[in-house]
Amino acid sequence: DGFEERRMMPGTWVCKNVSGCSMEEATTEFTWSMFAYMRGGNSKKTKIDLRVPIVRWMNPAILGTSGCNKNYRMCSWLPQEHQEDPPVPQEEGVYLYQSRGPVVYSMLFDSPRDKQEEVFTQRATKFMDMLDATGIQYKPEYVKSVVYVGPSPSIKELHEVWLVKPERTDELTGMEVTIVEKRCEVLDCPEYESIQKHDGFEERRIMPGTWVCKNVSGCSMKEASGEFAWSMLAYVSGSNSKKANIEVDVPVLRSMNPAHMLTEGCDKEYTMCFWLPQQYQEDPPKPIGDRMYLYQSRGPVVYVKSYVGPMEVQDEVFTRRATKFMNALDQAGIQYKKEYVKSVTYDGASPDQRRTEMWLVKPEE
């Protein structure tokens with residue numbers, strides 16, 4: 001009564017953490033940062049129309065308090081045309097945030113522009129009391145203010161309070177979300193939803209998240225993997241925007257165009273990536289130099305065939321496995337994206353326990 005439960009779609013937001021005396025003050029600082037970003041202060045130097053929702057996160061404990069050390073996270077939704085390959089912000093402190101698509105309880109309210117924090121505090125407190133009284137669980141560590149701004153001041157703003165429903169892995173789209181078997185008890189892996197098990201392979205939806213990648217040219221996958229390993233070592237040893245030392249017991253992904261699998265020469269193109277550990281997913285350290293970049297995966301659906309044993313990065317093994325898997329899908333009449341095939345390796349406790357998977361990506365509907 002008076003509110004709605006929604007599942008938000010996954011996607012990318014442009015965010016900044018801001019401290020200040022009030023929501024209005026923090027919003028002003030964030031607006032200037034977004035103005036710089038949308039006017040070309042990004043990795044593509046592209047101009048972006050940001051007439052999109054703005055979300056302001058805060059801890060409920062600061063609601064109604066005084067002082068100038070209040071912490072807010074401010075985020076602006078990235079327009080759809082930039083979701084696939086988001087321009088990276090250039091301003092220090094502005095970052096891309098990959099939302100997995102939470103379930104939220106939402107309440108709509110009106111708010112004058114000059115009294116947003118006062119009205120929001122009243123509405124948020126009332127909303128939390130209402131859910132508490134009905135026994136509905138929500139995440140208590142933050143509450144969100146969402147404002148939808150029209151293209152001109154004459155268009156009325158819409159305001160919502162969002163309280164986030166706690167996640168249960170068996171409730172994501174009503175299907176089981178599996179931590180990738182036993183190996184992800186010791187590795188940091190992206191979660192996935194098992195959609196359907198076929199004879200010898202599986203269809204999965206990989207959860208959205210950030211990978212650190214590099215495009216490498218070379219004579220072979222083994223040579224390209226060696227170059228990527230050095231770049232990866234530099235990144236995790238501090239060659240990043242936060243100078244962070246990062247532990248990377250994580251999956252490594254290799255991708256190439258199937259047309260290059262049987263060719264000779266030293267101009268083969270590979271894309272190499274490693275999964276960014278969970279603690280860095282929310283605010284990823286940006287690579288410094290060496291052509292490394294952050295890739296925001298939106299969460300593809302993939303067909304997966306698994307192998308256990310010593311890691312094989314030779315082109316011959318990759319080609320044999322990929323060709324056999326593609327032939328199997330072709331014979332079954334299953335469609336997949338023809339422009340690339342992927343190999344994902346998960347280290348095990350010993351070389352004989354390493355798991356390698358071939359991924360073929362299902363076309364988006």
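Modeller: Phe3, Tyr105 and Phe127 come together as one aromatic cluster. Keep in mind that the model is predicted: local features need pLDDT of at least 70 and side-chain atom pairs pLDDT 80 or more, while totals for chains, interfaces and linings use all residues. Numbering starts from 1 along each chain as its sequence is written, and side-chain values rest on heavy atoms, without hydrogens and water.

Across the whole structure, a search gives twelve aromatic pairs. Here rings of Phe, Tyr and Trp (its six-membered ring) pair if their centres lie within 6.5 Å; planes under 30 degrees apart are stacked, over 60 edge-to-face, the rest tilted. Tryptophan 57 and tyrosine 142 are a tilted pair, because their planes meet at 45°, with the centres 5.1 Å apart. Tryptophan 57 belongs to strand β3 and tyrosine 142 to the loop between α2 (116-134) and β7, so this pair ties together parts 85 residues apart in sequence. (Helices are DSSP runs of H or I, at least four residues; strands are runs of E, at least two; both are numbered from the N terminus.) Tryptophan 57 and tyrosine 142 are both buried, that is, under 20% relative accessible area with a 1.4 Å probe, protein chains only.

Tryptophan 57 also has the charged end of lysine 144 over its ring, 3.6 Å from the centre. That label requires NZ of Lys or CZ of Arg within 6 Å of the ring centre and within 35 degrees of the ring normal. Arginine 73 likewise lies over the face of tyrosine 97, 5.0 Å from the ring centre.

Note on methods:
Buried < 20%, exposed > 50% of the residue type's maximum accessible area, 1.4 Å probe, protein only.
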